[in-house]
Amino acid sequence: VLRIFVFSLIGVTSLGAFALGANALGLRPQRIGPALLDMLEVVGATVAFAAINVVLGAGAILTLRSLTPWFLPLYLAADTSLLVFSLFQALTFCAWRAYERRQGGAR
Amino acid sequence: VSRLCRLLGACAIVVYLVAAFTPLPNRLAAAARIPAELQPADAIVVLGGAVSADRALTDSSLRRAIHGIRLYRQELSPLLVLCGTRTNGVSEAAVRVDLARELGVPSTAILTVRTARTTREEAEQSAALLIPRGVRRILLVTDPLHMERARAVFVQNGFDVHPAPTVQVLTAGSGEGRLGIARDLTEEFLGRLLYRVNARP
């Protein structure tokens with residue numbers, strides 16, 4: 001039931017957005033493929049930022065624990081807020097690259 | 001960079017779909033669960049969770065404390081050891097002691113481990129507290145996914161450990177629940193890895 005509900009809901013809103021974009025906003029339907037690839041790029045960049053944040057965070061906590069009397073729980077490095085910030089970082093990074101690409105400056 | 005990110009993104013979406021919409025996390029959790037070995041013991045040791053500034057125990061801390069108190073009320077041991085460090089100015093062990101007293105456990109049957117911040121420290125401080133009293137056989141209370149790592153460090157510290165895992169939802173029906181289990185499994189896997197790398201003799 002959950003799967004049917006979620007996938008139906010996401011299917012309906014996605015088709016609605018596609019129809020809105022193609023008809024009301026004049027977006028070309030054949031550009032949906034490159035747009036999906038851009039989405040994958042943002043998701044991948046989010047995962048990369050999240051992994052770097054978790055590893056660096058855990059390393060910093062372990063270093064603090066071993067070199068100072070301070071104690072921070074390792075769970076801090078796995079806080080959900082880090083994932084949200086990783087998404088912000090990824091969106092900014094990908095938008096920056098796309099902007100530079102449009103200007104002809106990015107590799 | 002773009003290709004690598006896209007590949008990583010595709011993998012992440014597949015992992016997300018598998019974790020949220022298939023029974024895999026439930027099955028992995030079932031496989032990682034250690035069965036209870038409930039039998040009379042010298043002490044019941046209840047591992048800590050966390051407490052908030054308004055003296056509310058977290059779900060995990062409360063679940064463990066209640067399970068330990070239930071085992072005590074079933075007369076499986078004359079001694080209840082409640083762990084829990086001080087966070088946000090509140091002692092988790094003290095909050096648990098109040099709870100245990102309210103639920104009928106006499107003060108004379110309660111001991112506390114108040115400064116241990118990790119599972120390993122809980123094992124070391126429990127050993128310092130209990131082994132001089134001749135306590136070796138313990139019922140160890142913690143969440144099912146945490147039990148294997150906890151049992152290993154308590155055995156390392158000289159205890160004869162009988163697992164008494166809490167009853168925790170490990171067969172989630174919702175996507176959110178399965179993602180929670182997947183997260184718990186990942187955290188525990190990393191915890192075991194860290195304990196293995198950082199093993200003390």
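Predicted model: local features only at pLDDT ≥ 70, side-chain atom pairs only at ≥ 80, totals over all residues.
Residues are numbered from 1 along each chain as its sequence is written, and chains are lettered from A.

I begin with the overall architecture. Chain B contains seven helices and seven strands; these are DSSP runs, H or I of at least four residues for helices and E of at least two for strands, numbered from the N terminus. Of the 201 residues in chain B, 47% are buried, that is, under 20% relative accessible area with a 1.4 Å probe, protein chains only.

I turn now to the sheet. Five strands of chain B form an open sheet with parallel pairing, in the order β5-β2-β1-β6-β7; two strands pair if DSSP finds at least two bridges between them. At the edges lie β5 (110-113) and β7 (160-163) of chain B, each pairing on one side only. Strand β6 (residues 137-141) of chain B runs parallel to β7(B) and is joined to that strand by four bridges. In β7(B), P163(B) is the bridge partner of L140(B).

Helix α3 (residues 59-73) of chain B touches β1 (43-46), β2 (80-83) and β6 of chain B, where contact means heavy atoms within 4.5 Å. Helix α4 (residues 92-102) of chain B also packs on the sheet, and touches β1, β2 and β5 of chain B.

Note on methods: Heavy atoms only, no water. Buried < 20%, exposed > 50% of the residue type's maximum accessible area, 1.4 Å probe, protein only. Axes fitted to C-alpha atoms, helices over the stretch in contact; angles between N-to-C directions.
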